[in-house]
Each structure stands twice: as C-alpha cells, then as structure tokens.
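Please read this note with the sequence and the structure open beside it. Each point can be checked on its own.

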Amino acid sequence: MPFQIHPISEFVVKPFLPAELSRLPEIATNVLWSWDHQLRALFRRLDPVMWKETHNPVLMLSRLKPEVLKKAASDARYMAVYRRACERFDSYMQAPAVYNDDRLIAYFSMEYGLAECMPIYSGGLGVLSGDHMKSSSDENYPLVGVGLLYQKGYFQQALNSDGWQQERTPVNDFYQLPVLPVLREDGSDLKVSVRMPGGDVWIKVWQMCIGRVRLFLMDTNIAENTAADYREITDQLYGGDSHTRIRQEIVLGIGGLRALRAMGLKPNVFHMNEGHSAFMPLERTRLLMVEEGLSFAEAFE
C-alpha cells in the first residue's frame, strides 16, 4: 500500500530586502525585463553567474544571500543603476492610455512564449502569442491574455553522450516564477468552476504582468479538485490523451471567459489563437441567451 504525506499548510518564504532595494520584487514580477536591457541589467549585476543559470529575477531574489543584497544597497554604482531602472520602469508604466473608451480585447491562446523561465510554450505559436502581448504593451493597447499555467510546461530536450535525445519535464514552482495569484476583495484566491461529466472542475486564476498588459492563467492543480485526472488537466502543455486535450480546451475557453467575468472584465472583442479555445464562443452564446434573452440563432449570429 503506497504511503502518501498530505501537507497541513503551505508557507511562502519571501526574501529579506534592504529598504533601499524595496522595488526589486515589483520589477522582477513584471516581465518587461525580458525585452528591456536596462531592467535586465539590474538583476544580472547582482550575480552574473546566477542570472546565466536562471534568467529568472524572482528565483534569484529568493536565492541571493542577504549580505549580497546589503552590499548592493551600499554600492553607489549599483544604486545609480537601480534608480535609473526604477525611473525607466515608472515612465513606461505610467504612459497615458492611447484609447479612452471602454474597448477591451481578450486574446486566448494555449501557449505563450514570454520568457525563458516561463516554460508555458513549445514553439512558434507560443512565440507569436508572446510577441502579441509585448507589442500590445508597447502600444499601450487595451488587451488581456488568457491561457493555462502548466505544472510541468513543455518537455525539455538534450542529447546524451551517444547522441540520443533525452527528455525531462521539471516541475514548476509557481511562487518562484513571475506570476501572482489573482485575489478577491476579501484577500482569498479567485477561483471559478466549469462543469465536466464527472463533476465540477475548480480553477485557480493567476496573473502575469507583461509591461502594461496582463495575462491570466488557469490552474486546476488545487485542493478543491479531489480527482487526480482533474488536477492533471493543466499538468503539461499538449500532454495526455485526447480526453485531457478536450478538458484543457474547456478550461481555457469556458473557464477563461468565466475568470474574466469574475474580475469584472467584459471584452468587446475576442481573439482565438488557433482553435484551442473553441469552447469560448459556446460560452459566449450561452451568456447572451441567459443574460440578454436572445434565441440561439440570434446569439450565434
């Protein structure tokens, strides 16, 4: 009989930062650094070797020794870089909106290639989605992204000494990545549900700041889902059998739209990157019928 340990509670350990460097976590959790060289230099200068190993500011801040951070806070040259980075970050984030109306575009995609440390993409489709998000940020365009937050992401490849391909799927620790849970007004995690043949699947919503735009990511690996196959829906990008793929697409399309509405976001336009979010227009049709009293034909049109 297998023995399994169930955790009683979880603890998130946050790094100690000198007051002089208090804005490092804010800049680390916004992947603007992935395409801004000056912001990236802010972390690379702290520890070039660790930066080369991780390319992940959030993970770096959790691993750096307190004395390294204290030394940086007392280094006049580093503090000059820090102040310039903060000014650059603020200037970018506070740029006036291009559109002052209520337009909002929702961009649905199964994968996003945004940063090396976020393995939620496999190739060209994800890079396209990621560039779309970054360009929308640079243009200050009213867009939000919707995707899935995978526990293992996409498998990594390497060659062994005999030249054979080896695959591995490291498990992601979301608290060591540039993502944050979306919270309700009472401070609890935002969660929505979708109905599956075997019962409700609960979805925790995370957000990723990409410059001025946000990407919302769905996660089913939570305690509310007691069935293992429901927790594994967001286990791996393009992983599992056809049943897993359909469930992923339901969570993305229907769960993603419900998450937007739970946050009070009502997009005017919906963009589907490939057909992975094909369940989303079905949910939109249902909502139009229920809330606007339209017939199916009217809602479909």
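This is a predicted model: local features need pLDDT of at least 70, side-chain atom pairs count only at pLDDT 80 or more; totals for chains, interfaces and linings use all residues.

1. Start with helix α9, residues 242–262, and helix α10, residues 279–292. Their axes come within 8 Å and cross at roughly 40°. An angle under 35 degrees would count as roughly parallel, and one of 65 to 115 as roughly perpendicular. The two helices α9 and α10 are therefore oblique to each other. The handedness of this crossing of α9 and α10 is right-handed.

2. Which residues bring α9 and α10 into contact? On the α9 side they are I246, E249, I250, G253, I254, L257, R258 and R261. On the α10 side they are F279, M280, E283, R284, R286, L287 and E291. Sorted by class, the contact of α9 with α10 has seven nonpolar, one polar and seven charged residues.

3. The second pair is helix α2, residues 37–44, with helix α6, residues 76–93. Here the axes come within 9 Å and cross at roughly 145°. This crossing of α2 and α6 is left-handed. Helix α2 contributes Q38, L39 and L42 to the contact, and helix α6 contributes Y78, V81, Y82, A85, R88 and F89. By class, the residues of the contact of α2 with α6 divide into seven nonpolar, one polar and one charged.

4. R44 also belongs to helix α2. Its relative accessibility is 35%, so R44 counts as partly exposed. R44 and R214 are 170 residues apart in sequence, and their C-alpha atoms are 25 Å apart in space.

5. Is T220 buried or exposed? T220 sits in the loop between β8 (213–219) and α8 (228–231). With a relative accessible area of 0%, T220 is buried, because buried means under 20%. A polar atom of the T220 side chain lies 2.9 Å from the backbone oxygen of Y230. Not counting residues up to four places away in sequence, T220 touches V201, W202, I203, N225, Y230, R231, I233, T234 and V251.

6. Q151 is another loop residue, placed between β2 (143–148) and β3 (156–159). The relative accessibility of Q151 is 15%, so Q151 counts as buried. What does the side chain of Q151 make a polar contact with? The partner is the side chain of N221, at 2.8 Å. Leaving out residues up to four places away in sequence, Q151 touches P170, V171, N172, F174, N221, T234 and D235.

7. H55 has a positive phi of about 50° although H55 is not a glycine. H55 is in the loop between α3 (48–54) and α4 (57–63). At 24% relative accessibility, H55 counts as partly exposed.

8. The other residue is E274, where phi is near 70°, a positive value in a residue other than glycine. E274 is in the loop between β9 (269–272) and α10, and α10 is one of the helices of point 2. E274 has a relative accessible area of 51% and is exposed, because exposed means over 50%.

9. C209 is in strand β7, residues 199–210. Its relative accessible area is 24%, so C209 is partly exposed. Apart from residues up to four places away in sequence, C209 touches T29, N30 and V31. C209 and S109 are 100 residues apart in sequence and 16 Å apart in space, C-alpha to C-alpha.

10. Last, R63 is in helix α4. Which residues is R63 in contact with, leaving aside its neighbours within four places in sequence? They are M50 and T54. R63 and M50 are 13 residues apart in sequence, and 9.0 Å apart in space from C-alpha to C-alpha.

Definitions and conventions:
Residues are numbered from 1 along each chain as its sequence is written. Side-chain values use heavy atoms; hydrogens and water are left out. Axes are lines fitted to C-alpha atoms, for helices over the stretch in contact, and angles run from 0 to 180 degrees between N-to-C directions. Helices (H or I, at least four residues) and strands (E, at least two) are DSSP runs, numbered from the N terminus. Angles under 35 degrees count as roughly parallel, over 145 as roughly antiparallel, 65 to 115 as roughly perpendicular and the rest as oblique. A crossing is left-handed if the near helix is turned anticlockwise from the far one by less than a right angle, and right-handed if clockwise. Contact means heavy atoms within 4.5 Å. Ala, Val, Leu, Ile, Met, Phe, Trp, Tyr, Cys and Pro count as nonpolar, Asp, Glu, Lys and Arg as charged, and the others, Gly among them, as polar. Buried means under 20% relative accessible area, exposed over 50%, partly exposed in between (1.4 Å probe, protein chains only). A polar contact is a pair of N or O atoms within 3.5 Å; within protein, one must be able to donate a hydrogen and the other to accept it, and residues adjacent in sequence count only if both atoms are side-chain atoms.
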